[in-house]
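I opened the file and kept notes as I went. The entries follow in the order of the look-ups.

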Amino acid sequence: MKRRDFLKNASVASVGAAAAASTAFPAPAIAQQRIDMAIVSTWPRDFPGLGTGAQRFAQRVSDLTEGRINVQYFAAGERVGAFDSFDEVASGNAQAYHAADYYWKGKHPAWAYFTAVPFGLTYTEINAWIRFMGGQQLWDQLAGDFGLKCLMCGNTGVQMGGWFNKEINTADDLKGLKMRIPGLGGDVLAKLGASPVSLPGGQIYENLISGAIDATEWVGPWNDQVMKFYEAAKYYYYPGMHEPGAMLSLGMNASWWGTLSKSDQLAIEAASSMENDVMMSEFNAKNGTSLTQLIKEQGVQLRKFSDEIYDSFGEASDEVFDEVRAHSDLASTVHDSFVAARADVGGWGNLAEVAYITQRNRVLGV
């Protein structure tokens, strides 16, 4: 056989073999089925940080899967009310929510630990607990009881103590105060004689302006400036004991999650983990500038909670945690795991980050 004929015949055989091989693969290996993913959230549309972060996550899932996961995002009120997101997803009417899981503490107090609790974990500390110290496993156990699967999907960092229409000089000044503050932080304020109110973000301003509430916490300077709370309250207190590293959650219907391929689950996990980092970076980048504007342009008076007030927060927190632990074995287990992580990671952070930042800022006069 001539060399030219041999090469020609070999080429034809190769093409035929490739065609046969392509028809031998099952259809999903060539074109996977389109998957619908409706996401409901507790944030207003385009709200800086929280809302835009949730929308950014939704777009990232679509981009990572090249549109094969067909994501539809609904802001608060567009499909269901903000606080109806949990039931919408648990029932299977939507596939996922983006929210702060402490909103669901009425269903089980352990939910609060997976956003923030008084005297709790900072951003870096809660990441360590969730990823490497048993937090995710406990979260899976809690969420599984409600038909959900949850992942970290954002963080706001240490939050401010709140906006008040009067100075708070002693713990007695909190008595009788109507304050918007959710989670276990609200329970702490109740122990000190305040009346905590739970409101979604879109309803806070109108209630503060009307006088229906006397005070509110929200997030920090960047978000709070956008909300224009300074038009109703001029005293801005720090630091917030109630949310030292508020983690946001992607909560998914567990049955729907279980139908996904491993690669689709990894795509969602990657998008969620990325948003967890990106959101925190954005808050850090913008809070300082916004605080300066609030003080210099909007006439806000920055105040620091006294040690006496903080000690009162601590005593009230102990009472709240005793009640949480008494709720159930799971609540007690979550609390104990959380406290162990706080001691371990917090102890190291005190020797590392806290000590360094303190010395750096002393030397540089920051």
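How far apart are the mean positions of the positive and negative charges of the protein chain? I get 11 Å, for 30 positive and 41 negative charges. Lys and Arg count as positive and Asp and Glu as negative, while His and the chain ends are not counted. Each charge is placed at NZ of Lys, CZ of Arg, CG of Asp or CD of Glu.

Basis. This is a predicted model, in which local features need pLDDT of at least 70, side-chain atom pairs count only at pLDDT 80 or more, and totals for chains, interfaces and linings use all residues. Residues are numbered from 1 along each chain as its sequence is written, and side-chain values use heavy atoms, with hydrogens and water left out.

Whole chain. I noted twelve helices and eleven strands; these are DSSP runs (helices H or I, at least four residues; strands E, at least two), numbered from the N terminus. The C-alpha trace spans about 100 × 50 × 40 Å along its principal axes. Of the 366 residues, 51% are buried, where buried means under 20% relative accessible area, exposed over 50%, and partly exposed in between (1.4 Å probe, protein chains only). The chain exposes about 16800 Å², with 53% supplied by carbon and sulfur atoms; areas come from the Shrake-Rupley method with a 1.4 Å probe, and for residues only the protein chains shown count as cover.

Threonine 65. I found threonine 65 in the loop between helix H2 (50–64) and strand S2 (69–74). Is threonine 65 buried or exposed? Threonine 65 counts as buried because its relative accessible area is 8%. Beyond its neighbours within four places in sequence, threonine 65 contacts Asp264 and Ala267 (contact: heavy atoms within 4.5 Å).

Isoleucine 209. Helix H7 (residues 204–210) holds isoleucine 209, which is partly exposed at 43%. Leaving out residues up to four places away in sequence, isoleucine 209 touches Glu231 and Ala232.

Patches. Asp307, Glu308, Asp311, Glu315, Asp318 and Asp322 form a negative surface patch. Patch residues have over 30% relative accessible area and no salt bridge; like charges are joined within 9 Å, nonpolar side chains (Val, Leu, Ile, Met, Phe, Trp, Tyr) within 5 Å. A salt bridge is a side-chain nitrogen of Lys or Arg within 4 Å of a carboxyl oxygen of Asp or Glu. Glutamate 308 lies in helix H11 (residues 307–327). Tyr238, Ile295 and Leu302 make a nonpolar patch of about 220 Å².
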